Amino acid sequence: MKRKTLPKLLYADSKGNIFDHPYLTMAGMNGTEAVLPESVELIPLPEDSRLFTIPDTPPIAWDEKKRAFVTVDMVKEGRRDLRVQAVSAFMAPGYMRTLLPACDYSRKKVHLPLWSYTAVGWDEDSERFVVAASRVDANENWLPKNYDDRKLDPLVRKRLKEMPDNRLLEQLSRCAVDYHCFAAKNLFFRRWEAPLPTSPVCNSRCLGCISLQPSDCCPSNHERIQFVPTPEEIVELALPHLNEAPEPIVSYGQGCEGDPIMQADTIAEATRRLKSATSRGTVNFNSNGSFPDRVRMLCDAGMDSMRFSMNSVQEEFYNRYYRPVGYKFADVVESVKAAKERGLFTMINYLVSPGLTDSEGEVEALLRFIADTGVDMLQMRNLSIDPDFYNERMQVSGRGMGMYRMLERVKREFPRIQYGYFNRTRENFYPEGLETSWPIKGKKR
């Protein structure tokens, strides 16, 4: 994106009103260092994104006159000095952030909620917000504009009347209506990917778990399922979806549960019944992959694809985030290999954060991991967590090579690796033009 001037700093007053600075330039944070964004990673703020403040935390900007990064505590407003706070973007799905918001995190007084935080500025040339990001998935099914709650509510009531004794349906109705889970809404709209939560327990203790958090940390986003559904309850929901929905996917492993690998026997039985009843649709399994023997059993039961969650392909950082109980990092790697060896489309739910994900050590480890496992896709998912808290727990210091440069390097080494954000239907596992599938050419605005 060619521009005459770099984007301006955005800041907010105490009431949350957002302004652009008359001369200070937008900065971003990679790891623990403030940096200027490269032009290649500046894109228009995606539609359906949101802007947030980082409370009582002053932003950092680039001062061209001083040729230095400066912390902006106060801004002149007439004769008054106005105390200001940093601004962040929360992007629509399908976009990977390349820089964190630049601010003085040492001044932050609150633990930030479980959202992903992205550097954002104001482009005077085009008169629009810009973010440091790259689009990694062209699927537009998951955009908020596709989820009209006015149409949803009558469908929820209808389905509940049709299956009054199905506990899983009742759980997903709460997910759709109370927590606004798009996947749960898809079940009632009977389209695209629908969820099949099964497990009230987990053997990871993730720092950023969205369904279970200690009270002194930050509130979880969802209420975790409290029961294990029967194979009959699962099939009763999943079979009509597979048979009738456009682009149908049903997925085990959702935000409102622990890890479905803990209920592998139930899931295997339900999947065998689904596969014997229909040849339509895609059955997907999202998991931490902690038990390779169970992964093999589920592959043999008829899974079409598997996605394994990892924040890092280095054991040290993986353990710091997942804090595994009763399994090891090596078990996860073995599970990825097992799924691929049995012919499944195999993905990593790669929870990324600038500074760690694009560090030299992580990128080198990722290249070895891809070569060793043969994984098909890296879902570049922005890790939703307080970035300062995460960097402190991961002991991140300094900066990485840049997230965009990391994507370039991996794609250069492995042209057939796919970047993404969402699960795929069987028909679209290996689309034509894999080698040139990224960067995604955005729509002109």
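Student: Where is Gln-395 found?

Tutor: Gln-395 is in the loop between helix H10 (387-394) and helix H11 (403-413). Helices (H or I, at least four residues) and strands (E, at least two) are DSSP runs, numbered from the N terminus. Ground rules: this is a predicted model, where local features need pLDDT of at least 70, side-chain atom pairs count only at pLDDT 80 or more, and totals for chains, interfaces and linings use all residues. Residues are numbered from 1 along each chain as its sequence is written, and side-chain values use heavy atoms, with hydrogens and water left out.

Student: What's the phi of Gln-395?

Tutor: Near 55°, a positive value in a residue other than glycine. Most residues other than glycine have a negative phi.

Student: Is Gln-395 buried or exposed?

Tutor: Gln-395 counts as exposed because its relative accessible area is 57%. The cut-offs: buried is under 20% relative accessible area, exposed is over 50%, and partly exposed is in between (1.4 Å probe, protein chains only).

Student: And where is Glu-247 found?

Tutor: Glu-247 is in the loop between helix H4 (231-244) and strand S17 (249-252). Its phi is also positive, near 50°. Glu-247 is partly exposed, at 45% relative accessible area.

Student: Which residues does the cis peptide bond join?

Tutor: Trp-438 and Pro-439, with omega at about 5°. Pro-439 is in the segment after strand S22 (418-420).

Student: New topic. How many cavities of 30 Å³ or more are there?

Tutor: The count is 2. A cavity here is a set of points, on a 1 Å grid over the protein atoms alone, where a 1.4 Å probe fits but cannot get out; lining residues have an atom within 4 Å of a point. Points are joined across faces, edges and corners, and volume is the space filled by probe spheres set on them.

Student: What volume does the largest cavity have, and what lines it?

Tutor: About 80 Å³. Its lining includes Leu-9, Met-26, Pro-59, Val-87 and Val-120. Strand S1 (8-12) and strand S11 (85-90) each supply at least two lining residues. By class, the lining is 12 nonpolar, no polar and no charged. Nonpolar means Ala, Val, Leu, Ile, Met, Phe, Trp, Tyr, Cys and Pro; charged means Asp, Glu, Lys and Arg; the others, Gly among them, are polar.

Student: What about the second largest cavity: which residues line it?

Tutor: Arg-159, Met-163, Leu-169, Leu-187, Arg-190 and Leu-237. The volume of the second largest cavity is about 40 Å³. Its lining has 4 nonpolar, no polar and 2 charged residues.

Student: Rings next. How many aromatic pairs turn up?

Tutor: The whole structure has 20. Tyr-321 and Tyr-322 form an edge-to-face pair, 5.0 Å centre to centre with 80° between the planes. Rings of Phe, Tyr and Trp (its six-membered ring) pair if their centres lie within 6.5 Å; planes under 30 degrees apart are stacked, over 60 edge-to-face, the rest tilted. Both Tyr-321 and Tyr-322 are buried.

Student: Last one. What does Ile-267 touch?

Tutor: Contact means heavy atoms within 4.5 Å. Not counting residues up to four places away in sequence, Ile-267 touches Thr-198, Tyr-252, Pro-260, Phe-285, Leu-298 and Met-303. Ile-267 is in helix H5 (residues 264-277), and counts as buried because its relative accessible area is 0%.

How values were computed. On a 1 Å grid over the protein atoms alone, a cavity is a set of points where a 1.4 Å probe fits but cannot get out, and a pocket is an open set with protein on both sides within 12 Å along at least five of seven lines; lining residues have an atom within 4 Å of a point.
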